[in-house]
Amino acid sequence: MTPTPEEREFIRARSKATSDHFMRFVTERGLDTDPDTWPEADRQEFDRQARQLTEEWKTRARDTFGL
């Protein structure tokens, strides 16, 4: 099934938000872009924030597409 233009835009925006979150987290904490080098506490905090971001985008998907 081919995504609609609205779906493609949603996917693009979600991908950008995920990428922006990663780069902001790395930059703010002065971390390497390789998560395997991060202290455990930073990995856990990133994972917590990433889960929260994922839930926000799931809610947007439901609100936008009725999923």
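In which helix is the place of Asp42? Asp42 lies in helix α2. The model is predicted: local features need pLDDT of at least 70, side-chain atom pairs count only at pLDDT 80 or more, and totals for chains, interfaces and linings use all residues. Residues are numbered from 1 along each chain as its sequence is written, and side-chain values use heavy atoms, with hydrogens and water left out.

**View 1. Helices α1 and α2 packed together.** Helix α1 covers residues 5–29 and helix α2 covers residues 40–65; helices are DSSP runs (H or I, at least four residues), numbered from the N terminus. The two pack at an angle of about 160°, and their axes are 11 Å apart. Axes are lines fitted to C-alpha atoms over the stretch in contact, and angles run from 0 to 180 degrees between N-to-C directions. α1 and α2 are therefore roughly antiparallel (an angle over 145 degrees).

**View 2. The contact of α1 with α2.** Contact means heavy atoms within 4.5 Å. Residues of α1 that take part include Phe10, Ala17, His21 and Phe25, and among those of α2 are Phe46, Leu53, Trp57 and Ala61. The residues of this contact divide into 11 nonpolar, 4 polar and 7 charged. Here Ala, Val, Leu, Ile, Met, Phe, Trp, Tyr, Cys and Pro count as nonpolar, Asp, Glu, Lys and Arg as charged, and the others, Gly among them, as polar.

**View 3. Helix α1 and the residue after it.** The buried residues of α1 are Phe10, Ala17, His21, Phe25 and Val26 (buried means under 20% relative accessible area, exposed over 50%, partly exposed in between, with a 1.4 Å probe and protein chains only). These buried residues of α1 pack against α2. Thr18, also found in α1, is partly exposed, with a relative accessible area of 43%. Thr18 and Thr54 are 36 residues apart in sequence, and 8.5 Å separates them in space, C-alpha to C-alpha. Just after α1, Gly30 has a positive phi of about 65°.

**View 4. Asp42 and the buried residues of α2.** Asp42 is buried, with a relative accessible area of 13%. Leaving aside its neighbours within four places in sequence, Asp42 touches Phe25, Arg29 and Leu31. Glu45, Phe46, Leu53, Trp57 and Ala61 are also buried in α2, and the buried residues of this helix pack against α1. Just after α2, Gly66 takes a positive phi of about 70°.

Key. Parallel < 35°, antiparallel > 145°, perpendicular 65-115°, else oblique.
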